[in-house]
Amino acid sequence: MIFSNLITKIHHINFRKRFRVDKYYLIYDKIKFNSVRFQMKRLFKKDSLNLHSNNRKMSNIRITKQFSFETGHALYGYDGKCKNVHGHSYKLSVTVIGTPISDAQNVKFGMVIDFTDLKKIVKEEIVDQFDHATVFNKNTPHVELAHELESRGHHVILVDYQPTSENMVVDFSNRIKNRLPKNISLFSLKLQETETSFAEWFASDNL
């Protein structure tokens with residue numbers, strides 16, 4: 001807007017006011033009898049966005065991305081139905097914590113971590129490996145069944161733990177932590193086995 005040519009007639013009033021308009025102060029003087037004089041003064045020499053970002057204390061922010069995959073397993077020695085080979089539609093919620101990037105020149109400006117980058121890590125470490133696989137404890141006789149399935153072309157994963165949701169979420173936490181950038185921390189994981197059953201891992205519980 002151009003304010004320099006703006007004139008408004010008033011009558012016998014003298015006072016001065018300042019108004020904030022975007023990155024400027026709008027200053028006008030009401031002068032006796034005839035006019036209103038407007039001036040535009042720049043507020044900041046530096047870009048206001050950068051000045052605001054640099055002066056503000058950055059907060060820690062948690063962000064979460066959810067994943068799903070289909071996986072089979074069997075719990076050797078268990079006293080219920082889950083001793084048999086069966087599967088679940090797992091849902092995994094991954095929460096990381098960090099401060100948003102404050103450098104306005106960075107293409108990830110304002111992000112803790114790009115969701116696309118987090119997705120790549122979790123897919124490579126967990127989803128792509130465990131989806132449509134069957135997990136067995138390699139320290140049990142189930143290893144024989146695992147080898148038989150592998151010989152028939154099935155995707156099998158042998159682990160050194162009983163493949164419960166509790167142990168799987170611990171395994172997943174280690175896989176993800178090893179891939180995160182140094183300024184990002186894994187805050188929590190939630191591995192949902194069914195609509196009503198899930199296991200959770202929190203970094204604060206494992207210091």
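**Close-up views of a predicted model**

**View 1. The largest nonpolar core.** This core holds 31 residues, and F69, L92, V94, V96, V122, F172 and L189 touch the most other members. A nonpolar core is a set of buried Ala, Val, Leu, Ile, Met, Phe, Trp, Tyr and Cys residues joined through side-chain atoms within 4.5 Å. Two or more residues come from each of β4 (61-73), β5 (86-98), α2 (115-130), β6 (133-137), β7 (156-159), α4 (165-177), β8 (185-192) and β9 (198-202). The largest share, six residues, comes from α2. The model is predicted: local features need pLDDT of at least 70, side-chain atom pairs count only at pLDDT 80 or more, and totals for chains, interfaces and linings use all residues. Residues are numbered from 1 along each chain as its sequence is written, and side-chain values use heavy atoms, with hydrogens and water left out.

**View 2. The surroundings of F69.** Leaving aside residues up to four places away in sequence, F69 touches H88, S89, Y90, L92, I126, V127, F130, D131, F172 and L191. Contact means heavy atoms within 4.5 Å.

**View 3. A second, separate core.** This one has five residues, including F136, A146, L149 and V156.

**View 4. The whole protein.** Four helices and nine strands make up its elements. Helices (H or I, at least four residues) and strands (E, at least two) are DSSP runs, numbered from the N terminus. Their order along the sequence is β-β-β-α-β-β-α-β-α-β-α-β-β. Of the 207 residues, 35% are buried, meaning under 20% relative accessible area with a 1.4 Å probe, protein chains only. Among contacts between residues at least 6 apart in sequence, 53% join residues at least 24 apart.

Technical notes:
Buried < 20%, exposed > 50% of the residue type's maximum accessible area, 1.4 Å probe, protein only.
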